[in-house]
Amino acid sequence: MFWIEIDRYNDTDIDISATSALISIVGIDQYTQSLIAVNKNLDDVQKWIAERMNKDQKIGAATGKLRNFIIEPFVPHRDTEETYVCIYSHRFADTILFYHQGGVDVGDVDSKAVRLDVPVGETVDETAITNALLKEVPAAKRGMIAKFVHRLYKIYVDLYFTYLEINPLVVTDKEIFVLDLAAKLDATADFICKPQWGEIDYPPPFGRDAYPEEAYIADLDSKSGASLKLTILNKSGRIWTMVAGGGASVIYSDTICDLGGAKELANYGEYSGAPSEQQTYEYAKTILSLMTQEKHPDGKVLIIGGGIANFTNVAATFRGIITALVEFQGKLIEHKISIFVRRAGPNYQQAIPLYVFGPETHMTSIVGMALGRRPIPQENNVETATANFALPTGEKEPNKQKLSALNKEAPKTPVVCNRNAKELRPNPVEITLILQPQGDAKSSPMFTTTTKSIIWGMQNRAIQSMLDFDFVCCRNEPSVVAIIYPFTGDHKQKFYWGHKEILIPVYKQMKDAMTKHPSADVLVNFASLRSAYQSTVETLDFPQIRTIAIIAEGIPENQTRKLIKLANQKNVAIIGPATVGGVKPGCFKIGNTGGMMDNILHSKLYRPGSVAYVSRSGGMSNELNNIISKATDGVYEGVAIGGDRYPGTTFMDHIMRYQADDNIKMIVLLGEVGGTEEYDVCKALQTKKITKPLIAWCIGTCAGMFTSEVQFGHAGSCANTNKETATAKNEALKSAGAHVPDSFDSLGDVIQNVYEHLVKQGYIVPAPEVPPPTVPMDYNWARELGLIRKPASFMTSICDERGQELIYAGMPISDVLQKNVGIGGVISLLWFQRCLPPYCCKFFEMCLMVTADPRPRMCARAGKDLVSSLVSGLLTIGDRFGGALDGAAKMFSEAYDKGMHPTEFVNHMRNKGQLIMGIGHRVKSINNPDQRVSIVKEFVIANFPATPLLLYALEVEKITTSKKPNLILNVDGVIACAFVDMLKNCGSFTSEEAQEYISIGAINSLFVLGRSIGFIGHYMDQKRLKQGLYRHPWDDISYVLPEQYNNDN
């Protein structure tokens, strides 16, 4: 087979080396006849490709250019020799489809093919394949095909395929040929299969080109623990989004499309998982640069939105966005870009100086405002939050844009942005309640007020959040009893329980935690995607665990399906993977579910309500908490089953628990595009297994409006058939009897209508509100919110390692390396907070070279480690034993500044009985000069702008050497004087700064650093030579003990 990729910029040169005269060309879609050519010779192939290369082709709703062609030798065969085989995965098994006829005219193989289901974790042999699939195949070919399918299935499993189709599979009397193959790999298995896969380039869907900006964001995402996604749909569109959260990003796209903005929607993307300020800056800058590449006659709109954050500090992440907005301020004005913001979570109030809406506003309300379908309120009813008293005003904050250039006159019509405004209910829902006898409540609840959990992973912030939730719910004892962390030994970790400090044990081994805490029945697994499978399998060995929450996203689907099977065998419920967890108000919450204490109090999660919900999205579960708390008496229980294709538990698993619980009066389901689990809910509604009112909405309705395939934020958010689309699911749910809103925008209205009917009929009796106990705010969080201040214990002005990149005195480390400033440049940045001229940096490096001097030192042979030996050696440095630079600099500087003649200076020091630092050498003399001194001296005189102190020292040397030839200016002296000349004459320092560096002892730093190099070299040399401990010989010690011992007793 010849796989030819032809340069997209050159469609004229086609070089095909093939010995066969007949060649077949297979295009990208085997069902599109115009993209397939067979029985062509070489000339025909060249002509056929040239006619289609870089030409627009329409396939379905997508239009794109063909640039890659597969060219292979033609395999002569009869139509009767073509067969069809397909393998695909689903929740409990892999299905092998086989049909004895194949080719482009095969038709609906789903209805024609025979199938064999292979349960997860099991294998299949050739006999089973023959008996189940090959009855219509001639007996002579069955063995060959069975062997092929058997090996094909093994490859399918071992290499983590999720779909593999061959059509046609040509089976001759002696050989098998694969003529066309389509397959899907599970990209999350890259860390397992990369050695077998090699480097795989995942191309964009047909109809959409790959953009460098998408690649840049993908690279940022790969280097971050956060999630950063960007897909460019229409670069010329006027509606751009910057949305936090996978589920929220889908809902914003849905709402834009519902309001008629599908053709103008420019991008899909999301950022989540607490990205840093630098990461959000890079993300925002990328989107703003795309927005401002071309103008739109109607101007453009940027919608910055998201659900209520679980743990991300919104103010911290939005500082990066604000930095980008300020940087692009001029272009934003020029391109007439309007910006609308709705965000909620920790510290959202201080995040953005624009039209900002918080949790008091329905999440997608800003879309209508941005598109001119809804008036912009002049002020919001901002609800009091824990952090609200940090604001300079009261509860009402005007929606002002503080970027003066972006000011717009707001509409004069006052609109209150909350659920109590009746005029904001565009879709009132009339309902007819069918209240049948409820469940017998025999199903045991997943969480209670006595639930105890073990946490896998050192997630201190999440654990403290759980303990604060316990406290505000008035639990008698903490819900977290132990932590498992394999990377340290057993110890105890300190946390807060209300005002007091408590200790929670940390275990290295899981079995120790389980044995010592037998009452724990929940494990919250924070392991990474690479280790979550193994740690969960280990957990399932302990019967005491009834529920496991797997937080990690991106676990390979094969591993998840094995976990589901094993958990079902052991009657264990798995929440996740790719989830934030779940919450049962007044009882228990998993990890960061529910967000910070602000949102827990706002959403009244400290006490139970009457509504239970189940969602795929973790971020949207927090938004549901907010919506339900405003529309009803609150949440009774809520679970986010996870965004991966195969969640551990399904919607029905939880809905049936809710159906059986008499405390739950109504149920909310938030599904999404992809999968078919919502149809199980439809069936349960139709058969009256579910009798409680069910309000349902599936997000992802926008998917059908895109001309090319878009992978949304969750791995499972992808419709493989029309049945899996959100629109089809919503219609099915509505037909089955669920209360389905017209859009997510009106979901809260439907919930409120159903609730009010239940209250009116006496089915729900709202309980009186009880204020929760006060939970102290952590000191660090209060400081981050700006509620308190405290002097820092340390201050630094030379480096900052907090951001995405290490910074030396304002210069990113990447610039330090790219500009090749060298060691001297690093010294200038870290020691002097500035970039000094190149000759200064060269001077520093020369000084390090000449002062290294690795003389043998006893400390290297004292049996100590490197650091101890180095420190011991450095402690020997003094004025008389190296390190006379500071003393020399001070002596020569004082004499020169006082105007003393060199002779006068020498006489003055002699009269004081003091040695002149920097003068004299034990070996070298005027007749045997020190080459190090000569080299440094010549460089300094040749390159420094002025060297008055060095010239002064050389005059002193003439006087001292006239008295004794070894009283020369030594290395310490020449470096000290040159250093002073550099400080005072290079133009980078004021006279005060130069004097300060001299007085604080900075000059001796070069000697200490250079000598450290030598000490380390000597240490390594002694170890390499296997030198033993040094013991000073007795005969080199003079013992002068007293001659007689006097005993006064």
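Modeller: What follows is a walk through the aromatic rings and the nonpolar cores. This is a predicted model, in which local features need pLDDT of at least 70 and side-chain atom pairs count only at pLDDT 80 or more, while totals for chains, interfaces and linings use all residues. Residues are numbered from 1 along each chain as its sequence is written, and side-chain values use heavy atoms, with hydrogens and water left out.

A search of the whole structure finds 21 aromatic pairs, where rings of Phe, Tyr and Trp (its six-membered ring) pair if their centres lie within 6.5 Å, and planes under 30 degrees apart count as stacked, over 60 as edge-to-face and the rest as tilted. One of them joins tyrosine 896 and tyrosine 952 edge-to-face, at 5.6 Å centre to centre and with 75° between the planes. Tyrosine 896 belongs to helix α27 (residues 885-897) and tyrosine 952 to helix α30 (residues 948-963), so this pair ties together parts that are 56 residues apart in sequence; helices (H or I, at least four residues) are DSSP runs, numbered from the N terminus. Tyrosine 896 is partly exposed, with a relative accessible area of 37%, whereas tyrosine 952 is buried, at 8%; buried means under 20% relative accessible area, exposed over 50%, and partly exposed in between (1.4 Å probe, protein chains only).

Tyrosine 952 also pairs with phenylalanine 905, and here the arrangement is tilted, with 6.4 Å centre to centre and 45° between the planes. This pair, too, links distant parts of the chain, since phenylalanine 905 lies in helix α28 (residues 902-912) and tyrosine 952 in helix α30, 47 residues apart. Phenylalanine 905 is buried, with a relative accessible area of 2%.

Elsewhere in the list of rings, one aromatic cluster is formed by Trp831, Phe832, Tyr839, Phe843, Phe844, Phe944, Phe979, Phe989 and Tyr997.

The largest nonpolar core has 104 residues, of which Ile303, Val681, Leu733, Phe744 and Ile751 touch the most other members. A second, separate core of 58 residues includes Tyr952, together with Val906, Ile1003 and Leu1006. Tyrosine 952 is thus a member of that second core as well as a partner of tyrosine 896 and of phenylalanine 905.

Note on methods
Helix = DSSP H or I, 4+ residues; strand = E, 2+ residues; numbered from the N terminus. Core = buried A, V, L, I, M, F, W, Y, C linked by side-chain atoms within 4.5 Å.
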